[in-house]
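Hi,

Here is the structure I said I would pass on.

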Amino acid sequence: MATSHTAEDPAEDPTPDELIAGRPHLTRHAQDGLAMDGVPLNRIADVVGTPTWVYSASTMRARLKALSSALTAAGLDSHVHYAVKANDHLAVLSLLGAQGAGADVVSEGELRRARHAGIPADRIVFSGVGKSPRELTLALAEDIGQINVESAEELAMLSAIASGMGKTARVALRVNPDVDAGTHAKISTGRATAKFGIPYDDAVALYRHAASLPGIRPMGLATHIGSQILSLSPYRAAYARIADLVRALRQAGQTVETVDCGGGLGIPYRNQPTPSPAGLAGAIAGSFHNLDVRVFVEPGRWLVAQAGILLTSVILVKQAPGTRFVVLDGAMNDLVRPAMYDAWHGIVPVSPTDLVAPLSPADVVGPVCESGDTFARARLLPPLAANSRVAILDAGAYGAVMSSTYNARPLAAQVLVDNERWSVIRDRQFHTNLWEHERVPAPTA
Ligand code: LLP
């Protein structure tokens, strides 16, 4: 066994058995192999083909309930706005909406999706550093709950649009608390150098200015420091700074009714220790419990990531000197996180025999023509062969939503498992769909 421990040391990794044990919706059966909520994944693959995204509805519901209960138990007047960007499928939005979740949206498309899925407008918050006049107009026309404004420039634009429409925008100022979330640089948003939010020291003056503007009603403050956050201390630091602002604003005679505490709660991709919803609720309560504010949270990943897998088949196993390459039919165009963020996703076999076979290291790759199309290196897996299936875990967030059709690969099918019943919630694209909106101009000569 290796004595040095690098990020790619398989001795450090949880085994497939440990990964399955940590995800209660996944179970192994001697006859059927790996199942999600009682549905054998091989059965889904036999009918729908691969690659296919498969989501557990009950897991999403249970996680929303766990988070909401933790916030309530901490004594907070709170509301969960699901960050639609993590997984914007209508079925996901409607099942979370039916459980009472609101939506955190960042574009016209997400706003329309949330409304189409039946989420009431007053439960929608619009975030984002660059909302266009058209998007702000739609948000006002729909009368959504709150618009999180990220700059003085945006505030001026919103005031002009709202007063022109004879409307009043309920606004929170998104403040950049200049806190390091300790996560991957590409998903860190809370440092002063990031493009996000209003500089901390400008917040009080801008809030007072907002209160004087036509068409604007300042409701409160918002912050979001990053994603896949694995420690509570950056949250505590950010919330303490925002709570200071609430006090300063009230001292200056302003009304502060809401604080949007953002999202970012990390999940144990690698079975590592992660903060719990109770921990997050405690961090929020620690700063805001006595401030008489309504607290919003906007988690994406925590609610849906672990509920989803990417079900793929092995095309072939290629033995190269010193390395066994397992080549899957899923690729970076389907799940880009490993290529984009060096993200670690568990990979587990599906068939009953593969689930009990001895493990040895393999590099798991897709067929796209880039070296970055690598899901895992030196991963402990059984001796897979062509047509064996594997599940790439924790792919319910930032999975299908980030897919592309690179290499002219059609978008994969999506399936929702709901208490032992399953349905296709998105058909696999046909190749003809790839070019159906393309036009070839007539030759000019
Ligand atoms: N609120 C705001 C303002 C956000 O920008 C985000 C995520 C969230 C909430 C939800 O964060 P979550 O709870 O999901 O961490 N594609 C990346 C993640 C990008 C997150 C962007 N903003 C990934 O695959 O890791």
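Ser351 is buried, because its relative accessible area is 16% and the cut-off for buried is under 20%. This is a predicted model, by the way, so please read everything below with that in mind. Ser351 sits in the loop between E16 and strand E17 (360-365). Leaving out neighbours within four places in sequence, the residues in contact with Ser351 are Gly33 and Asn42. Pro40 is another one to look at from there: 311 residues separate Ser351 and Pro40 in sequence, yet their C-alpha atoms are 9.4 Å apart in space.

You'll find Ala307 in the loop between helix H11 (301-304) and strand E14 (308-320). Is Ala307 buried or exposed? Ala307 is buried, with a relative accessible area of 0%. If you ignore residues up to four places away in sequence, Ala307 touches His25, Met36, Val54, Tyr55, Ser56, Thr59 and Met60. Take Thr59 from that list: Thr59 and Ala307 are 248 residues apart along the chain, but 5.5 Å separates their C-alpha atoms.

Now the whole thing. The protein has 13 helices and 21 strands. Its radius of gyration is 23 Å, close to the 22 Å that the globule rule gives for 445 residues, so the protein is as compact as a globular protein of that length. Along the principal axes, the C-alpha trace spans about 70 × 65 × 40 Å. Of the 445 residues, 56% are buried.

Taking contacts between residues at least 6 apart in sequence, 70% of them join residues at least 24 apart.

Next, the domains. The protein is divided into domain 1 (10-56 + 306-434) and domain 2 (74-301). Note that domain 1 is written as two stretches of sequence, 10-56 and 306-434. Between the centres of domain 1 and domain 2, taken over C-alpha atoms, there are 33 Å. How many residues does each domain put into the contact? Domain 1 gives 23 residues and domain 2 gives 17 residues.

A few backbone details to check on your screen:

- Thr50 and Pro51 are joined by a cis peptide bond, with omega at about -5 degrees. Pro51 is in the loop between helix H2 (41-48) and strand E4 (52-56).
- Asp342 has a positive phi of about 55 degrees, although it is not a glycine. Its place is the loop between helix H12 (337-341) and strand E16 (347-349). Asp342 is exposed, as its relative accessible area is 67%.
- Asn387 also has a positive phi without being a glycine, in this case about 80 degrees. Look for Asn387 in the loop between strand E18 (374-381) and strand E19 (389-392). With a relative accessible area of 65%, Asn387 is exposed.

Two more residues, and then I'm done. Asn290 is in the loop between helix H10 (277-288) and strand E13 (294-297). At 72% relative accessibility, Asn290 counts as exposed. Asn290 and Ala185 are 105 residues apart in sequence, and their C-alpha atoms are 34 Å apart in space.

The other is Arg426, which lies in strand E21 (residues 421-426). Not counting residues up to four places away in sequence, Arg426 touches His89, Leu411, Ala412, Ala413 and Gln414.

Cheers

Definitions and conventions
Residues are numbered from 1 along each chain as its sequence is written. This is a predicted model: local features need pLDDT of at least 70, side-chain atom pairs count only at pLDDT 80 or more; totals for chains, interfaces and linings use all residues. Side-chain values use heavy atoms; hydrogens and water are left out. Helices (H or I, at least four residues) and strands (E, at least two) are DSSP runs, numbered from the N terminus. The radius of gyration is taken over C-alpha atoms; the globule rule is 2.2 Å times the number of residues to the power 0.38. Buried means under 20% relative accessible area, exposed over 50%, partly exposed in between (1.4 Å probe, protein chains only). Contact means heavy atoms within 4.5 Å. Domain bounds come from an automatic or database domain assignment.
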